[in-house]
Amino acid sequence: MHNNRSRDWSQIFLQQGMRFAILIGVFATLFFYTQCSKGFSQGRQLYLNHCANCHGADGQGLRSLYPPIAQSDYLENNYEELACIIRFGIDKTLTVNGKSYSTPMVGLDELSEIEICNIVNFISTEWHPKNSYISLKDINMIIGKCK
Ligand code: HEC
């Protein structure tokens, strides 16, 4: 009887330990995916998943269809538009590095603001280093003001 009971307790301890470990895992994952920080690899992965099929894995663009993002003078001069372009798309005739583009880009409204924040910081770190790190708060504000 006594033995059984102590075995029950150790099993409960084991179960609680498992629950605790799972809880820690869930929090760690949540923390990881709710961060927007410089050099965070989520930005690269998101770029590859959501942008690279048109703009190229190296941001080089595709012929006269999709403008380049890497070293794009348009983007460099209008960097504050980037979050708005990602969320709402852009539809005008653009001149990028001397070439004209006029295929519209549809917005990617499935991306959260954290994800947009990570993409924006990935692009600046990788291709537009003159632009400083941008926080999630700034992204919220910029997207709130997109026209
Ligand atoms: C389905 C193809 C497609 C996808 C996917 C796409 N774009 Fe675009 N993007 C375009 C096209 C086409 C234009 C030109 C729009 C115009 O002329 O008005 C453009 C224009 C741009 C521009 C402004 C011009 C330049 O190159 O500097 C930026 C910046 C940009 N896209 C960033 C992104 C980012 C970041 C993503 C991913 C989150 C993305 N795009 C996903 C097709 C796409």
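**View 1. Buried residues of helix H6.** Glu115, Ile116, Cys117, Asn118, Ile119, Val120, Asn121, Phe122, Ile123 and Ser124 are the buried residues of H6. A buried residue has 20 or more other C-beta atoms within 10 Å of its own, an exposed one 12 or fewer, and a partly exposed one a count in between, with C-beta atoms placed from the backbone. Ten of the 14 residues of H6 are buried, so the helix is largely enclosed by the rest of the structure. The model is predicted: local features need pLDDT of at least 70, side-chain atom pairs count only at pLDDT 80 or more, and totals for chains, interfaces and linings use all residues. Residues are numbered from 1 along each chain as its sequence is written. Helices (H or I, at least four residues) and strands (E, at least two) are DSSP runs, numbered from the N terminus.

**View 2. Length and cover of H6.**

**View 3. Crossing of H2 and H6.** The axes of these two helices come within 8 Å and cross at roughly 95°. Axes are lines fitted to C-alpha atoms, for helices over the stretch in contact, and angles run from 0 to 180 degrees between N-to-C directions. H2 and H6 are therefore roughly perpendicular (65 to 115 degrees) to each other. On the H2 side, Gln42, Gly43, Arg44, Leu46 and Tyr47 meet Glu115, Asn118, Ile119, Asn121, Phe122 and Ile123 of H6. Contact here means C-beta atoms, placed from the backbone, within 7 Å.

**View 4. The largest nonpolar core.** This core has 18 residues, and those with the most contacts inside it are Ala83, Ile116, Ile119, Val120, Ile123 and Ile139. A nonpolar core is a set of buried Ala, Val, Leu, Ile, Met, Phe, Trp, Tyr and Cys residues joined through C-beta atoms within 7 Å. H2, H5, H6 and H7 each give two or more residues to the core, and H6 gives the most, with six. Leaving out residues up to four places away in sequence, Ile139 touches Ala83, Glu113, Ile116, Cys117, Val120 and Ile134.

View 5. Asp109 is in the loop between strand S4 (105-106) and H6. Asp109 is exposed, with 10 other C-beta atoms within 10 Å.

Terms used
Angles under 35 degrees count as roughly parallel, over 145 as roughly antiparallel, 65 to 115 as roughly perpendicular and the rest as oblique. Two residues are in contact if their C-beta atoms, placed from the backbone, lie within 7 Å.
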